[in-house]
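Biologist: I'd like to learn how to read a structure like this one. Could you walk me through it, feature by feature?

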Amino acid sequence: MALRQTPLTCSGHTRPVVDLAFSGITPYGYFLISACKDGKPMLRQGDTGDWIGTFLGHKGAVWGATLNKDATKAATAAADFTAKVWDAVSGDELMTLAHKHIVKTVDFTQDSNYLLTGGQDKLLRIYDLNKPEAEPKEISGHTSGIKKALWCSEDKQILSADDKTVRLWDQATMTEVKSLNFNMSVSSMEYIPEGEILVITYGRSIAFHSAISLDPIKSFEAPATINSASLHPEKEFLVAGGEDFKLYKYDYNSGEELESYKGHFGPIHCVRFSPDGELYASGSEDGTLRLWQTVVGKTYGLWKCVLPEEDSSELAKPKINFPETTEEELAEEIASENSDSIYSSTPEVKA
């Protein structure tokens with residue numbers, strides 16, 4: 001019998017969580033930023049979900065959030081017609097980039113010198129962060145509001161998605177290279193640099209395309225409308241979540257559904273694998289982030305697998321080993337509860 005998936009619940013937001021992003025792996029681990037309609041993006045330790053800080057300054061819902069590779073800078077996109085760049089170490093606001101409409105998406109170049117934005121005014125903008133007073137470069141061509149915009153191909157090209165179209169742009173000439181048209185609304189887009197893979201979700205479909213040519217690679221159909229999907233860094237698995245409150249895990253090569261489970265109490269808006277592939281995070285209409293193990297039962301972060309005694313018929317169960325709780329205290333607590341389960345409720349990482 002398989003071990004039960006025990007997610008970590010990260011509370012603190014008061015409205016739906018609509019976007020999240022991980023940093024790369026730094027000397028201090030990796031980090032997670034979340035965008036929420038409460039207007040208060042949050043930074044967390046990526047492997048535990050522990051709250052580090054909240055970026056205060058937006059006057060409307062935050063629709064997009066990202067971290068640069070080394071987690072020294074953050075960027076956010078909001079309904080107050082601005083994108084903001086933050087010092088992710090101190091939490092200080094570094095600059096506010098005014099737009100003419102709601103901003104939905106932000107993305108740093110690999111060297112963190114430029115920021116790409118997109119939103120309801122249908123324009124892509126490229127800001128030189130070393131010259132914040134300079135006017136941004138603008139790329140036009142979208143026919144509806146831009147939902148997602150990402151640098152790709154070592155920042156030489158740009159991928160962007162509006163309602164039913166995904167476009168590939170050449171950064172040097174600011175011209176469209178190719179586009180994909182869909183018969184329903186595109187709900188999310190993820191770019192995987194290793195292998196130049198683009199993950200697109202629309203309706204119940206999870207589609208994989210070449211990020212260089214936009215040629216199709218493969219696609220899967222899910223049982224429900226999918227809002228977001230993410231491919232494992234080693235391309236072994238993909239996870240997806242959507243309108244039925246469930247998370248689905250698939251084998252990337254065969255398309256076989258490996259797991260599905262409910263954890264959220266509302267539709268799932270965003271899901272992403274951590275940079276080491278050990279966990280994935282999901283954000284929901286219910287206002288929470290949840291962290292899930294890729295391999296259930298593995299000792300990692302706050303999860304610790306406890307194997308049963310040889311003469312015990314009880315299955316091994318994952319438990320959370322909180323730093324402030326000693327093994328002896330945990331053992332006493334479990335014994336006193338006289339229960340066959342280590343948990344009476346889902347563990348929570350408090351903000």
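Modeller: Let's start with a charge and a ring. This is a predicted model, and in it the charged end of lysine 218 sits over the ring of tyrosine 252, 4.1 Å from the ring's centre.

Biologist: Which ring has the charged end of lysine 249 over it?

Modeller: That one is phenylalanine 237, and the distance to the ring centre is 4.3 Å.

Biologist: Back to tyrosine 252 for a moment. Which other rings are in a cluster with Tyr252?

Modeller: Ring pairs join Tyr252 with Phe208, Phe220, Tyr248 and Tyr250 in a cluster.

Biologist: How many aromatic pairs turn up in the whole structure?

Modeller: Nine, when the whole structure is searched. Take phenylalanine 55 and tryptophan 86: their ring centres are 5.2 Å apart and their planes meet at 45°, so this pair is called tilted. The pair ties together distant parts of the chain, 31 residues apart: phenylalanine 55 is in the loop between strand 5 (51-54) and strand 6 (62-67), while tryptophan 86 belongs to strand 8 (residues 82-87).

Biologist: Are phenylalanine 55 and tryptophan 86 buried or exposed?

Modeller: Both of them are buried. Now compare another pair, phenylalanine 208 and phenylalanine 220. Here the ring centres are 5.7 Å apart with the planes at 70°, and because an angle over 60 counts as edge-to-face, that's the name this pair gets. Phenylalanine 208 is in strand 20 (residues 205-210) and phenylalanine 220 in strand 21 (residues 216-221), 12 residues apart, so this pair also links distant parts of the chain.

Biologist: Why does phenylalanine 208 count as buried?

Modeller: The cut-off is what you need: buried means under 20% relative accessible area. Phenylalanine 208 has 1%, so it counts as buried. Phenylalanine 220 is buried as well, at 10%.

Biologist: Now for sheets. What's the general idea?

Modeller: Strands of a sheet pair through backbone hydrogen bonds, and the pairing can be parallel or antiparallel.

Biologist: In what order do the four strands of the open sheet run?

Modeller: The order is 10-11-12-13, with antiparallel pairing. Strand 10 (103-108) and strand 13 (137-139) are the edges, each pairing on one side only. From one strand to the next, the twist averages 20°.

Biologist: How many bridges join strand 10 and strand 11?

Modeller: Five, in the antiparallel sense. Threonine 105 stands opposite glycine 118 of strand 11. Strand 10 has five of its six residues buried, so the rest of the structure largely encloses it.

Biologist: What about the next pair along, strand 11 and strand 12?

Modeller: Strand 11 (residues 114-119) and strand 12 (residues 124-128) are antiparallel too, over five bridges. Tyrosine 114 has aspartate 128 in strand 12 as its bridge partner. In the loop between these strands you'll find lysine 122, whose phi is near 70°, a positive value in a residue other than glycine. Lysine 122 is partly exposed, with a relative accessible area of 36%.

Biologist: Where is aspartate 155, which has a phi near 70°?

Modeller: Aspartate 155 is in the loop between strand 14 and strand 15 (157-161). Its relative accessibility is 17%, so aspartate 155 counts as buried.

Biologist: Which strand forms a hairpin with strand 6?

Modeller: Strand 7 does, with five residues between the two, and alanine 71 in the turn has a positive phi of about 60°. Strand 6 and strand 7 (residues 73-78) pair antiparallel over five bridges, with glycine 64 opposite alanine 77 in strand 7. Five of the six residues of strand 6 are buried, so strand 6 is largely enclosed by the rest of the structure.

Terms used: Residues are numbered from 1 along each chain as its sequence is written. This is a predicted model: local features need pLDDT of at least 70, side-chain atom pairs count only at pLDDT 80 or more; totals for chains, interfaces and linings use all residues. Side-chain values use heavy atoms; hydrogens and water are left out. Rings of Phe, Tyr and Trp (its six-membered ring) pair if their centres lie within 6.5 Å; planes under 30 degrees apart count as stacked, over 60 as edge-to-face and the rest as tilted. Buried means under 20% relative accessible area, exposed over 50%, partly exposed in between (1.4 Å probe, protein chains only). A charge sits over a ring if NZ of Lys or CZ of Arg is within 6 Å of the ring centre and within 35 degrees of the ring normal. Two strands pair if DSSP finds at least two bridges between them. Axes are lines fitted to C-alpha atoms, for helices over the stretch in contact, and angles run from 0 to 180 degrees between N-to-C directions.
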